[in-house]
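Here's a quick briefing on a protein model, grouped by topic. Take a look at the structure first, then read on.

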Amino acid sequence: MPTVLLIRHGENEYTRTQRLAGRLPNAHLNERGLAQAAALADVLRGLPLKAIYSSPLERAMETAQPIAKAHGLRVQKRPGLIETDLGSWQGQSIRKLQRNKEWKLLQEHPSRFRFPGGEWMAEQQGRLVSEIESICATHNPKDLIACVGHADPIKLIIAHYIGMPLDLFQRLGIDTASVSTLVLDKGRAKLTNLNLKPEKMGNKPV
C-alpha cells in the first residue's frame, strides 16, 4: 500500500474565531489560509505525488488545488473524507460548547459520544478508514498520495493505524495546513511525521 500524506486544510474564519464549521457551506479559506495553501504547494512541489484526494468541502478543495496544480494533477473529490457530521453543534463556538457537559464526554470518552443529531465518533472513524483503504487499494505500494481533509478526521485515521484507542485520539494535534505521513505496508503502518507545518518541513516533508 502507498505512503499517504494527510493534509489538513488551511485557516478559515471558523478556525480563526474558534467556531465549528462542520459541513456548513461557504467556509472558504481566508487570506492566511490561501497563503498556507500556496506554501504547502511550494514545499511539496518536488515530491513524486501520484494523486491528490480531498474532502468535497470548499476549505479542503481550496487547499488541495494549488498542490494539484504544482504536480499537474486534478483534485479527486472523496465524500468519505468529509468533515464530521456535527449535527446541532455546527456553527457554534467552542467556548460556548465547553460549558456543555457533553463536551467533557467528547474529550474523555469519544468512543461513547455522538454529536447531537450527527455522527457517532466510532461510526466516523470506520467511515474514514474505509475510505483510506479504498483509495489505497487503487495504488501501487511505492506510490505517494495526498489526502486533504479536516482535523478530527485526520486524528481518527492516524489513531486507527497506529493502534491508539479511540478514547485517546484527542491527544493528537493537527494544525491548519499541516502534513502527517502514514506509510502503509502489507498490513503494517508507520507514522513517520505528525503535524508538520510548511515552515518546519525544510527539504524533508515526508
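Which side chain meets Glu-83 in a salt bridge? The partner is Arg-59, with N to O at 3.7 Å; a salt bridge here is a side-chain nitrogen of Lys or Arg within 4 Å of a carboxyl oxygen of Asp or Glu. Keep in mind that this is a predicted model, where local features need pLDDT of at least 70 and side-chain atom pairs count only at pLDDT 80 or more, while totals for chains, interfaces and linings use all residues. Residues are numbered from 1 along each chain as its sequence is written, and side-chain values use heavy atoms, with hydrogens and water left out.

**Overall build**

- The protein comes with eight helices and six strands, taken as DSSP runs numbered from the N terminus (helices are H or I with at least four residues, strands are E with at least two).
- Reading from the N terminus, the order is β-α-α-β-α-β-α-α-α-β-α-β-β-α.
- With a radius of gyration of 16 Å, close to the 17 Å from the globule rule for 206 residues, the protein is as compact as a globular protein of that length. That radius is taken over C-alpha atoms, and the rule is 2.2 Å times the number of residues to the power 0.38.
- Along the principal axes, the C-alpha atoms fill a box of roughly 45 × 40 × 30 Å.

**Burial, contacts and surface**

- Buried residues account for 51% of the 206; buried means under 20% relative accessible area, exposed over 50%, and partly exposed in between, with a 1.4 Å probe and protein chains only.
- Of the contacts (heavy atoms within 4.5 Å) between residues at least 6 apart in sequence, 68% join residues at least 24 apart.

**Salt bridges**

- The salt-bridge count comes to 10.
- Back to the opening pair: Glu-83 sits in the loop between β3 (75-77) and α4 (94-97) and Arg-59 in helix α3 (residues 58-70), so their bridge ties together parts that are 24 residues apart in sequence. Both Glu-83 and Arg-59 are buried.
- Arg-32 and Glu-11 also pair up, at 2.8 Å from N to O. Arg-32 is in helix α2 (residues 31-44) and Glu-11 in the loop between β1 (3-8) and α1 (13-16), so this pair connects parts 21 residues apart in sequence. Glu-11 counts as buried, at 12% relative accessibility.
- Glu-119 bridges to Arg-23, with the closest N and O atoms 3.6 Å apart. This one links distant parts of the chain, 96 residues apart: Glu-119 is in the loop between α5 (101-108) and α6 (121-136), and Arg-23 in the loop between α1 and α2.
- Glu-119 is buried at 8% relative accessible area, whereas Arg-23 is partly exposed at 29%.

- As background, most residues other than glycine have a negative phi.
- Gln-18 isn't a glycine, yet its phi is positive, at about 60°. Gln-18 lies in the loop between α1 and α2 and is partly exposed, with a relative accessible area of 46%.
- Asn-26 has a positive phi too, near 65°. Asn-26 is also placed in the loop between α1 and α2, and is exposed at 55% relative accessible area.
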